[in-house]
Amino acid sequence: MSHDFDASAALLEQVNHALNSATPLRIQGSGSKAHLGRATAGEVLDTRLHRGIVSYDPTELVLTARAGTPLSEIEAALEANNQMLPCEPPHLGDGATLGGMVAAGLSGPRRPWAGSVRDQVLGTRVITGQGKLLRFGGEVMKNVAGYDLSRLMAGSFGCLGLLAEVSIKVLPKPRQVLSLRLQVDALHALRRLSLPANSGLLDLPGRQLIDWGGAQRWLKSDADGELIQRVTAKLGGHATCFTAGQAQPFQPLAAMLLRYQRQLKNQLDPQGIFNPGRMYAEV
């Protein structure tokens with residue numbers, strides 16, 4: 001308990017210092033997903049000191065852990081009780097953390113059948129842009145108060161607040177599992193396309209791998225990024241670049257959605273200190 005207080009206090013102190021000095025913060029755990037999104041300048045806030053499983057009751061199918069907890073530690077605890085995470089969040093490197101899993105919102109190949117990372121989040125503790133540590137949601141599946149605000153953190157890439165703690169639902173492991181792994185040469189020019197499942201092969205150069213029953217495509221191509229985004233948008237989808245150093249790695253937002261994104265950012269992080277510009281230059 002004292003470790004939890006000390007670690008939370010240290011995170012709060014760093015956030016409040018940044019607020020007082022108007023210093024942007026670059027939130028990171030192991031850095032396994034640092035190549036996703038736009039480059040962000042700022043003082044590094046390392047979440048890995050704030051780690052450890054807070055509570056885990058296998059009979060309730062709920063686990064609560066601090067954001068800096070390695071996914072491998074969580075998966076080992078679940079394995080010991082013949083349980084697992086519902087989806088298959090990719091680690092993308094050694095030391096991947098629970099906070100990074102939620103912030104990136106990547107759910108793995110089982111998503112269409114098991115749900116997304118967002119679907120598994122029951123509650124969170126978040127340090128806001130006002131320098132307050134707040135709790136949203138609950139630690140049991142029956143408690144749905146504040147559900148949506150907790151789920152907003154999934155896929156937000158740390159732009160809306162600093163995740164301190166996450167409660168997630170877990171599942172019993174099936175009796176038998178068969179996995180197929182395909183080797184990808186490298187992440188260079190690699191793009192993830194989300195599309196209607198009935199979309200045909202795209203008229204784009206390069207190699208395409210169809211996933212999620214057609215709803216997700218992995219495209220390895222040297223085609224212009226804006227062209228790929230236009231082709232994807234015409235089909236009602238969006239494209240994300242998995243290569244570091246891109247000026248616009250995420251699909252551009254429509255004017256109305258960008259306005260909502262700005263309003264949300266202004267409400268939760270009014271000084272704009274959390275990962276400024278990580279997703280979009282305008283936010």
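Select A22, in the loop between α1 (2-21) and β1 (25-28). Helices here are DSSP runs of H or I with at least four residues, strands are DSSP runs of E with at least two, and both are numbered from the N terminus. A22 has a phi near 55°, a positive value in a residue other than glycine. Is A22 buried or exposed? A22 counts as exposed, at 58% relative accessibility. The cut-offs are these: buried is under 20% relative accessible area, exposed is over 50%, and partly exposed is in between, with a 1.4 Å probe and protein chains only.

A note on what you see: this is a predicted model, where local features need pLDDT of at least 70, side-chain atom pairs count only at pLDDT 80 or more, and totals for chains, interfaces and linings use all residues. Residues are numbered from 1 along each chain as its sequence is written, and side-chain values use heavy atoms, with hydrogens and water left out.

Select L92. L92 is in the loop between β5 (83-84) and α3 (98-104). The phi of L92 is positive, about 60°, although L92 is not a glycine. L92 counts as partly exposed, at 34% relative accessibility.

Now pick P90. P90 also lies in the loop between β5 and α3. At 26% relative accessibility, P90 is partly exposed. How far apart in space are P90 and L106, C-alpha to C-alpha? The distance is 6.8 Å, and the two are 16 residues apart in sequence.

For another pair, select R111 and L78. R111 sits in helix α4 (residues 111-114) and is partly exposed at 31% relative accessibility. R111 and L78 are 33 residues apart in sequence, and their C-alpha atoms are 19 Å apart in space.

**Next stop: salt bridges**

How many salt bridges does a search of the whole structure find? The search finds six. A salt bridge is a side-chain nitrogen of Lys or Arg within 4 Å of a carboxyl oxygen of Asp or Glu.

Select D46 and R48. These two form a salt bridge, with the closest N and O atoms 2.7 Å apart. D46 is partly exposed, with a relative accessible area of 27%. R48 is partly exposed as well, with 36%.

Move to R51 and E73. Their salt bridge has its closest N and O atoms 3.3 Å apart. R51 lies in the loop between β2 (43-46) and β3 (53-57), and E73 lies in helix α2 (residues 71-80), so the pair ties together parts that are 22 residues apart in sequence. R51 counts as partly exposed at 36% relative accessibility. E73 is partly exposed at 31%.

**Next stop: helix α8**

Select residues 255-268. This is helix α8, with 14 residues. From its first C-alpha to its last, α8 reaches 20 Å, close to the 20 Å expected at 1.5 Å a residue. The expected span is 1.5 Å times one less than the number of residues.

Which residues of α8 are buried? L258, K265 and L268 are buried in α8. Seen down the axis of α8, its buried residues fall within an arc of 100°, so they line one face of the helix. The arc is that of the directions from the helix axis to the C-beta atoms. An α-helix has 3.6 residues a turn, so residues three or four places apart point the same way. Turn to the other side of α8: A255 and Q267 are exposed there.

Zoom in on K265, which is in helix α8. K265 is buried, with a relative accessible area of 6%. Which residue meets the side chain of K265 in a salt bridge? D269 does, at 2.8 Å from N to O. D269 is buried too, with a relative accessible area of 0%. Now show the backbone of F274. Its oxygen lies 2.9 Å from a polar atom of the side chain of K265.

**Last stop: a surface patch**

Select L180, L182 and L209. These residues form a nonpolar patch on the surface, with about 340 Å² of accessible area together. Patches are made of residues with over 30% relative accessible area and no salt bridge; like charges are joined within 9 Å, and nonpolar side chains (Val, Leu, Ile, Met, Phe, Trp, Tyr) within 5 Å. Accessible areas come from the Shrake-Rupley method with a 1.4 Å probe, and for residues only the protein chains shown count as cover.

Finish on L180. L180 is in the loop between β9 (171-172) and β10 (190-194). At 77% relative accessibility, L180 counts as exposed.

Technical notes
Polar contact = N/O pair within 3.5 Å; in protein donor to acceptor, adjacent residues only side chain to side chain.
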